Amino acid sequence: MKTIALAGNPNCGKSALFNLLTGSDAAVGNWPGITVERKEGFSGGEEGLRWIDLPGVYALSPFTPEEQVTRRFLLEETPDLIVNLADASTPERSLYLTLQLLELDIPVLLVWNMEDIAAKQGISIDKPALSRLLGIPVLGVSALTGKGTEELLQAAGQAMRESRTGRIAWSREALPQCLRERAAELERQGERHSLFRAVDTLENDTENGTYAALFAERRYAFIDACVKKAIHIPEGQPAPPALDRLFLSPVWGIPLFFMLMLLVFHVTFGASLFGSGVPSPGVFLHRSAERGLEMLSALLFSRMEPCFFRDFLSEGIFGGIGTALSFLPQILCLFFCMELLEDSGCMARAAFLLDAPLRRLGLTGRALLPALTGFGCSVPALLSVRTLETERSRKIARFLIPFFSCGAKLPLYALLAAAFFPHRADWVIAGLYASGVLTAVCAGLFLHKITGKRDSQPFVMEIPAYRLPRWRNLRRSLGRRCGDYLNKAATVILAASAAVWLLSRVTPDFMPADGQGSVLECGGKLLAPFFTPLGFGGDGESWKAAAALLSGLLAKEAAVSALGTLGGLEGLFTPASALSFLVFYLLYPPCTAALSVYWSEEPSRKWRLCAPAAWLLTAWSAAFAVYQVASKF
Amino acid sequence: MRTRLSELRPDSRAIVLRTEGDGALSRRLFALGFVPGTELYCERLSPFSSPMLVSLRGFRIALRRAEGERIFVETGDKDENHSTSG
């Protein structure tokens, strides 16, 4: 089977095209660097094709780890063809990568995307002329509508049959004689990408830093010549979008961003939308789901004879999963809002505005996406940390991610907030999210200080154009989240709540526990002294809190299903201890899935060992402080 | 007038003279088009005065002052005293 690599600048629509061609649903968005790993997909056709979607790069000289993925794949696993997707509204910058790809010993197909947007800016590309200048086929496609994909597949098939690499016109015209000789020598030694290797070695020669500048200058000179002959670009810079007057305003930008975030929380958690008494969409969805599941439960179990098995099914299985599932619509509501912010390009603006404050934490504006992704799930957030510029900032960001309260923690917040603070539930929840962020800020300040401030963090980030969020992208991303959640409900949460139920019915010597002396109770009581200073570790029912926290380590939703299985919240908390419990739950170590990703992403052993302990310590101290203050009122 | 990119005021234009330094960051700046002769437009500064928003070759890029200091530019201004209007 033939392998085709999709390569191009960040945010030029590679993943969108990849989804279109292979029927996959890779994440897409309006932020440079959504794709951090290579993805594989297949398309039909005569023999079938294997497509590889690579992280976006501006050049083949890598800068961040996810860009190394692209370079390594192209050099080491040499595909049969590179489809070089290029954003037609930035033709010059796109061609820079094209020229580097032409140095490789791999056929290249240049495909322009978003030509309609470019046309509105007055940019038009004469593809036949450009094809003659570069010596490779040049096509157009719309990754949005799918126009041009037929031609693309045909051209790809032909290019692979001919297996003809680019003419590298520019290298003949613009590269010094000695370099071509060096390339010829490498080729004689059996080096596959001889020209690229010869150029790359000189570019990376830090003692003669001038080579990198020289090659870049020559490449752009060649590009300028191509533009003159084949691409029409209107004079001058395009006017900045009018919306930026507002979103990037020095006065209004940052308050506006925070107001948008508050609005998102209000729409998701507000019991009364703008004080009107009508529940917000998120709350409405949750209540409807809850009602539906109650009816389903009544339908399923009302006819069954009461017995151990029925109790196991209705309380252990259905009760546990049901509690977790009833929050799925509300979680999707939060994701929907966040996706809107990212897809429209607002998030990238916020990165520009918030870069300076983030700098104090040893981070850059780029850290905003991992952080906000962390509100969804820590696992993709930890992976997207790869887009940060230096290893030190990646270390700091990875440590801070779990403090950004993930979507799986939401059900427990909603449950406790509604039970103990019924009139201020959305404020309590927004407060929890804010405390998580505040903790991350404090921890970041501390880490930045102890890891040494000496090396400055470079920050270079493209600010994309505004785009109308696409329903198809939103639907896809919600579908993916929904699938992940259901998957987890059917596996980890199911197992955890069944285990919790069984353990709460059996004593340590395998006798049925009649509401007392169960394994779980004994375990919970063992941990109780640890939680006593936090207000939920005393006698009575409070072992359930410890049991919920333990199952929360498997999956955060399992904590809420454990409470559901164990018979609810009665007598478990006072408002003060509920608050301290919530804070502990917010900050304590992430679930096993996130933890294993943390361990695989973090290269330093010291950090791998210390981070979980540090998270636990932070959670305990914060919950202690909260309880001491709250119990005074 | 010759100056560094980091010294540009909001809403001003300049042409790149050269980009200093070696290593991965400069290669990144080269790839983005910060090569001699490229026209730049400094659109605005962030409320904290760094990073700055620069547009060149049809796209916009945010970069910090430290990165801007590596890039030497020529502005249209005749001299420094000439253009201190409010």
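Which strand of chain B pairs with strand 9 of chain A, and in which sense? Strand 9 of chain A pairs with strand 5 (residues 59-63) of chain B, in the antiparallel sense, over 3 bridges. Strands pair here if DSSP finds at least two bridges between them. Helices (H or I, at least four residues) and strands (E, at least two) are DSSP runs, numbered from the N terminus.

This is a predicted model: local features need pLDDT of at least 70, side-chain atom pairs count only at pLDDT 80 or more, and totals for chains, interfaces and linings use all residues. Residues are numbered from 1 along each chain as its sequence is written, while chains are lettered from A and ligands numbered from 1 in the order in which they are written.

Start with chain A as a whole. Its secondary structure comes to 28 helices and 9 strands. The C-alpha trace spans about 85 × 55 × 55 Å along its principal axes. Buried residues make up 49% of the 633. A residue is buried if 20 or more other C-beta atoms lie within 10 Å of its own, exposed if 12 or fewer, and partly exposed in between, with C-beta atoms placed from the backbone.

Now the sheet within chain A. Six strands form an open sheet in the order 2-3-1-4-5-7, with mixed pairing. Strand 2 (39-43) and strand 7 (138-140) are the edge strands, and each pairs on one side only. Neighbouring strands are turned by 25° against each other on average, direction ignored. Axes are lines fitted to C-alpha atoms, for helices over the stretch in contact, and angles run from 0 to 180 degrees between N-to-C directions. Strand 2 of chain A runs antiparallel to strand 3 (residues 49-53) of chain A, joined by 5 bridges. There, A:Glu40 has A:Ile52 as its bridge partner.

Strand 4 (residues 81-87) of chain A deserves a look. In this strand, 7 of 7 residues are buried. A:Leu81, A:Val83, A:Leu85 and A:Asp87 point one way, and A:Ile82, A:Asn84 and A:Ala86 the other. In a regular strand the side chains alternate between the two faces of the sheet. Strand 4 of chain A pairs in the parallel sense with strand 1 (residues 2-8) of chain A over 5 bridges, and A:Gly8 stands opposite A:Leu85. Strand 4 of chain A also pairs in the parallel sense with strand 5 (residues 108-113) of chain A, over 6 bridges. Here A:Val83 stands opposite A:Leu109.

Back to the partner chain. In chain A, 37 residues are in contact with 35 residues of chain B. Contact requires C-beta atoms, placed from the backbone, within 7 Å. Helix 10 of chain A gives the largest share of this side, 5 residues.

At the chain crossing, A:Met461 has B:Ala62 as its bridge partner.

Note on methods:
Contact = placed C-beta atoms within 7 Å.
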